[in-house]
Amino acid sequence: MSNLEFERVTVRPMDEFNQALVSQVHPADWVNPEPAKVYDLVVIGAGTAGLVVAAGAAGLGLGLKVALIEKHLMGGDCLNVGCVPSKTIIRSARVVGELWDGKELGINIPKHIDVDFSAVMARMRRIRAGISPHDSAARFQKLGVDVFLGSGRFTSKNTVEVGDQTLRFKKAVIATGARAAQPAIPGLEQAGYLTNESVFSLIQRPERLAVIGGGPIGCELAQAFRRLGCEVVLFHRSSHILNKEDAEAAEILQKVLIKEGIRLVLNAKLEEVVTVTEGKRLYFSSNSHRDSVTVDEILVGAGRAPNIEGLNLEAVGVEYDKQHGVKVNDYLQTTNPKIYAAGDICMDWKFTHAADAAARIVIKNTLFSPFGLGRSKLSSLVMPWVTYTDPEIAQVGMSEQQAKEQGLDVETIKIPFSSVDRAIADGEESGFLKIHHKKGSDEILGATIVARHAGEMISEVTTAIVGKLGLNKLSGVIHPYPTQAEAIKKAADAYRRTLLTDNTKRLLGFLTKLS
């Protein structure tokens, strides 16, 4: 065995929880194995896509030799700086949101809500550490994967170098993910800023926080930190937040953020950041008006940049773009037919569940298709996604605009939650369900749900699209009463009513009178 020398990894603060995390996903005493003569599959990157490919290939029971390379923390963004930590603090923040709504529900809450920010963050670190064994180096070693900690670099058409070791492969997968992009704002780097990769290391609450970017990440964290006691100003370059999502859904959330005390600066152009005695001062213009704001911390949540550096992709003929990452075809194959890619490094869908689904395509296309067992396409996936604000915004399939751009005649059924009894009882009437279907057909093209638990509801529509179940079938599905998911049945029933011809309506009216 070869003991690779690598820099000791730390995650601030190095308390008992982060020590436990690191001991699982980048243990200091890890000894890299002696490489096999040749690997059936070498995977670079142990985020969601890489982990699923490695575990799936090793678990087929075919005796395949699989290597997994990770230079930082196994589990990638999802475990360490993405889904797990963000949703954990969002859960704490949601309690505050519910308390703010208490008066409307007949519950008198003291005006001042005592948020123990350090305890919120400690809970997050504890939960993250508790989940980490699932993504650990030791677990994957037990699954039969050779785990190498260090930077992977292609050195020839069939070799990857990790430290002083060379791994030969038949096929390889690039799954190195992406990182937060740095906006080109003069003075920002000198002043210092947070991203999703560093914000979860906070142990003290910044009293004043600027968030750059009104996309999903920016909106989620802006709302969470506002509820946890920060004064928040959110900068977004467009005329409304979430400008890539359903406009009505974005408008509902925008009103909520303003109501909760977040200062929105839209059509924003950030001109300069200067460090002053009081903190970090951002100079900006908005709608031709120039102004400034001083904060304690700046959180950047605008865009992602692919992790392509250091891979030496030129040596193996893998084409890439510095903005969009590795170029792949619909089978997730790069311009080198022996090398595939999956996840944020090559896909527009930058979601954990998208990386998981893509990894399964890679397993099939690298290991089974050579034997004539068929190939899977990325374009065949029906992809739901959720913005985890309160209310949540969940979507799947095509929007109305996308359907029209593809030349489809589309009709939209909208069910406001003000007409759904459970939403009324919950005091959550402001959201809606939209279902887009082909004109003259019950085929579902896409849907948007705005509700506190929209992410839990969207899967029913996703299942219907995947299973080619139209609105007629959904109309026959019995939903428990009262639930907010009843909105889906209401939409299906609304479609069924459109099928009634004038003659049928007259006949039913006549029969009703006779009865």
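This report covers the overall build of a predicted protein model and some of its salt bridges.

## Overall build

The protein has 16 helices and 23 strands. Its radius of gyration is 25 Å, close to the 24 Å that the globule rule gives for 515 residues, so the protein is as compact as a globular protein of that length. The C-alpha trace spans about 85 × 65 × 45 Å along its principal axes.

Buried residues make up 51% of the 515 residues. Take the contacts with a separation of 6 or more: 64% of them join residues 24 or more positions apart.

## Charges

The protein holds 60 positive and 59 negative charges. Their mean positions are 4 Å apart. Side chains of opposite charge can pair when their charged atoms come close. Here the count comes to 27 salt bridges.

Asp40 pairs with Lys170, with the closest N and O atoms 3.3 Å apart. Asp40 lies in strand β1 and Lys170 in strand β6, so the pair ties together parts that are 130 residues apart in sequence. Asp40 counts as buried at 18% relative accessibility, while Lys170 is partly exposed at 46%.

Lys434 and Glu248 form a salt bridge at 2.6 Å, N to O. Lys434 sits in strand β22 and Glu248 in helix α9, 186 residues apart. Lys434 is buried, at 9%. Glu248 is partly exposed, at 36%.

Arg452 meets Asp390 at 2.9 Å, N to O. Both residues lie in loops, 62 residues apart. Arg452 is buried at 13%, and Asp390 is buried at 8%. Salt bridges with shared partners join Arg452 and Asp390 into one network with other residues, including Arg94, Glu98 and Arg227.

Definitions and conventions. Residues are numbered from 1 along each chain as its sequence is written. This is a predicted model: local features need pLDDT of at least 70, side-chain atom pairs count only at pLDDT 80 or more; totals for chains, interfaces and linings use all residues. Side-chain values use heavy atoms; hydrogens and water are left out. Helices (H or I, at least four residues) and strands (E, at least two) are DSSP runs, numbered from the N terminus. The radius of gyration is taken over C-alpha atoms; the globule rule is 2.2 Å times the number of residues to the power 0.38. Buried means under 20% relative accessible area, exposed over 50%, partly exposed in between (1.4 Å probe, protein chains only). Contact means heavy atoms within 4.5 Å. Lys and Arg count as positive and Asp and Glu as negative; His and the chain ends are not counted. The place of a charge is taken as NZ of Lys, CZ of Arg, CG of Asp or CD of Glu. A salt bridge is a side-chain nitrogen of Lys or Arg within 4 Å of a carboxyl oxygen of Asp or Glu.
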